[in-house]
Amino acid sequence: MARDRLGDVQAFLVVARERSFTRAAAHLGVSASALSHTIRGLEESLGVRLLTRTTRSVSVTEAGERLMNSVGPRLAEVDAELNAVSDLAQKPKGTIRITTTDYAADTVIWPRLAPLLRTYPDLKVDLTVDYGLVDAVAQRYDLGVRSGDQVAKDMIAVRIGPDMRWVIVGSPDYLSTIPLPKQPEDLLALNCIALRFASGGLYAWELKKGRRELQVKVEGQATFNGAYQILNAALAGVGLAFMPEDMAAPHVAAGRLRYVLEDWCPVSPGLYVYYASRRQPSRALSLIVDALRYTGG
């Protein structure tokens, strides 16, 4: 395609997206009449009408729709590649939006990104804590961080942590007041500290012993939507809690918490950072992913 026609197609895509010559012209920095002339010239060269114009609206014809769907994504990829190449000659900058859990934010993400932000002052991180299964693309996040079994198959995923063992813990004071649970079903009669998802539902503890797997819908006096609030409630003797072992281990070593039902404690896939597979990562995004990347065994 000749260079001028490529520019005309790009102009058409803006009009098609905006559904308005006036808004598209403002976006492109040209007059509406000049833009209309450009689109007519493109239609004449192709021999087909791309837009249907009325005094009140602009709509896309079948041919225009086909052009949008076939050429539009390719031009977007070219534009992304050009931006990525341009990034190589510049200091990384811009804001990277990340959705994650508080556990991942405190134990993995922030410890690794804090030095990066000191090195690159034009780089910004906008981090949102959320226990829902967020559609990162639809909600315009650049990166998501979740357990490996929660990442959609069409995403590019990079491991940022080892597999995690989950444990059930309680304070010595609370455990002294109850019969120690011997089977997962015993948890139903005990005070368990629950995790509430952003959707409003409660997390069912996922337990495993050999090939047996159970989901226990626990209840209790306290429900939170954050891991550290659950930990603090367990330390206060409110009930039993279910959490990653590395959160509980220092308190177990100090005698503030004790493990129960240890033979039912499962191992889950570790944390992964993920982003859309169709996206060409910027230098800023690549730097963050590389900083988070897990390099252990």
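After α2 comes G29, with a positive phi near 75°. Helices, like strands, are DSSP runs numbered from the N terminus (helices H or I, at least four residues; strands E, at least two). This is a predicted model, where local features need pLDDT of at least 70, side-chain atom pairs count only at pLDDT 80 or more, and totals for chains, interfaces and linings use all residues. Residues are numbered from 1 along each chain as its sequence is written, and side-chain values use heavy atoms, with hydrogens and water left out.

Now go to the other end of α2. S20 sits in the loop between α1 (3-18) and α2 (21-28). The N-terminal end of α2 is capped by S20, with a side-chain oxygen 3.3 Å from the backbone nitrogen of T22. S20 counts as buried because its relative accessibility is 13% (buried is under 20% relative accessible area, exposed over 50%, partly exposed in between; 1.4 Å probe, protein chains only). Beyond its neighbours within four places in sequence, S20 is in contact with V15 and V58 (contact means heavy atoms within 4.5 Å).

Next, the helix itself. F21, A24 and A25 are the buried residues of α2. They line one face of the helix, because they fall within an arc of 100° seen down its axis (the arc is that of the directions from the helix axis to the C-beta atoms). The face turned away from this buried side carries the exposed T22, A26 and H27.

Finally, step back. The protein has 9 helices and 15 strands. Its C-alpha trace spans about 85 × 40 × 35 Å along the principal axes. Of its 297 residues, 41% are buried.

Conventions. A polar contact is a pair of N or O atoms within 3.5 Å; within protein, one must be able to donate a hydrogen and the other to accept it, and residues adjacent in sequence count only if both atoms are side-chain atoms.
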